[in-house]
Amino acid sequence: MNIIGPDALVFGVDDVAACRQYLIDYGLKEIGDGYFEALDGTGVTIRAKDDPSLPPAMPTASMLRETVYGVADTATLDAIESELKKDREVSRNDGVLRCVDDMGFALAFQVTVRRPITMEAETVNAPGAAPQRGPNKLAFTPDMPALPRTLSHVVYFVPDAAKAEAFYTRLGFVCTDRFLGAGPFLRPAGTPDHHTLFMIQTPPFMKGCEHFTFHMGGPTEVMLAGTRFVEKGYQSFWGPGRHRFGSNWFWYFNSPLGCHVEYDADMDLHDDSWTAREVPMSADASQLFLFQHREKWAPGGPPPGGKPGTPEGAAAAAVKH
């Protein structure tokens, strides 16, 4: 089944105004009717939690109400409908197919809204390789844009990861890697991205959305967008750093949507010849390296851990920086 990946996530929130400002400051464009889109048209919808148009809320604190998947064509919608009608209620109206998965997450499927985008990726100059940037071409400028390009993936807390995985396997998702004791990274057939869905086994009272993220144009855009976000007053939760499984750069932030929100970039691509890795869940397995954001510093300034203007101070600053 040619499912490409998430087109949109729909939230029923406590504070619509705060969530609206958050998504705008994150870098999404407000289109109207509560929809905020990335450069390719994928995005996030927010509504008040008591909006009657929303699917029912989960019996947990999660504010996620629906995950909308984009598919390649109507033939894929037909195949999904035929498969899911075997054991659950399915509705199809105005080209949108809806159901609930085995964990209680509301799903929708539609012919994708993704628009093709043509943009430069981040370039790197390295000894031993042909330059990707010629003479006098700068890697970045202070005012360069760093905007979300496409909705990358969503992460669920689920009470039964094996049962949850079996449902998505029916729809053509494959496991690219697995954290033993936690859950699988899943890739649908319509994308080579390492994953568009990751599930973490947790107690039932935690069921819901742990985080979602959009792909950026490279690690510099992750760092730049994240730094700008911090400067606007938003709280960094985890990162910046780089994951082991998927290899994507990351930076997570707290949000008023009841979950974390991430910037990511440079994810691994896989095809059906890939063999999934399995390792126990641990901090070392989760990230290759991790930085911690701090205020900017320049040589000669008063660094933490040493007196300004001394070799000890400079050394302490260099280690912390």
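## Helix α1 and its ends

Just after helix α1 in this predicted model, G27 takes a positive phi of about 125°. At the other end, where α1 starts, a side-chain oxygen of D15 reaches to within 3.3 Å of the backbone nitrogen of A17.

Within α1, which spans residues 16-26, the buried residues are C19, Y22, L23, D25 and Y26. These residues lie on the same side of α1, because the arc they cover around the axis is only 165°.

## Nonpolar cores

The largest nonpolar core has 60 residues, of which F11, F109, Y156, Y168 and F212 touch the most other members. Helix α4, made of residues 219-231, gives the most to this core, contributing five residues.

When neighbours within four places in sequence are left aside, the contacts of Y168 are Y69, D101, L107, Y156, F173, L186, L197 and M199.

Strand β6 (residues 91-93) pairs with strand β7 (residues 96-100) in the antiparallel sense over three bridges, and S91 stands opposite R98 in β7. The hairpin of β6 and β7 has two residues between the strands, and in this hairpin D94 takes a positive phi near 50°.

Strand β7 also pairs with strand β8 (residues 106-111), again in the antiparallel sense and over four bridges; here L97 has F109 in β8 as its bridge partner. F109 is also one of the residues that touch the most other members of the largest nonpolar core. The hairpin formed by β7 and β8 has five residues between the strands, and G104 in its turn has a positive phi of about 95°.

## Aromatic pairs and an aromatic cluster

The count of aromatic pairs comes to 25. One of them joins W238 and F250, whose ring centres are 4.7 Å apart and whose planes stand at 50°, so the pair is tilted. The pair links distant parts of the chain, with W238 in strand β14 (residues 236-243) and F250 in strand β15 (residues 249-253), 12 residues apart. W238 counts as partly exposed because its relative accessibility is 22%, whereas F250, at 0% relative accessibility, counts as buried.

One aromatic cluster is formed by F11, Y22, Y26, F212, F214, F229, Y234, W251, F253 and Y263. Among its members, Y22 and Y26 are buried residues of helix α1, while F11 and F212 are among the residues that touch the most other members of the largest nonpolar core.

Notes: Residues numbered from 1 in each chain as written. Predicted model: local features only at pLDDT ≥ 70, side-chain atom pairs only at ≥ 80, totals over all residues. Heavy atoms only, no water. Buried < 20%, exposed > 50% of the residue type's maximum accessible area, 1.4 Å probe, protein only. Arc of directions from axis to C-beta. Polar contact = N/O pair within 3.5 Å; in protein donor to acceptor, adjacent residues only side chain to side chain. Core = buried A, V, L, I, M, F, W, Y, C linked by side-chain atoms within 4.5 Å. Contact = heavy atoms within 4.5 Å. Pairing = 2+ DSSP bridges. Phe/Tyr/Trp six-rings, centres within 6.5 Å; stacked < 30°, edge-to-face > 60°.
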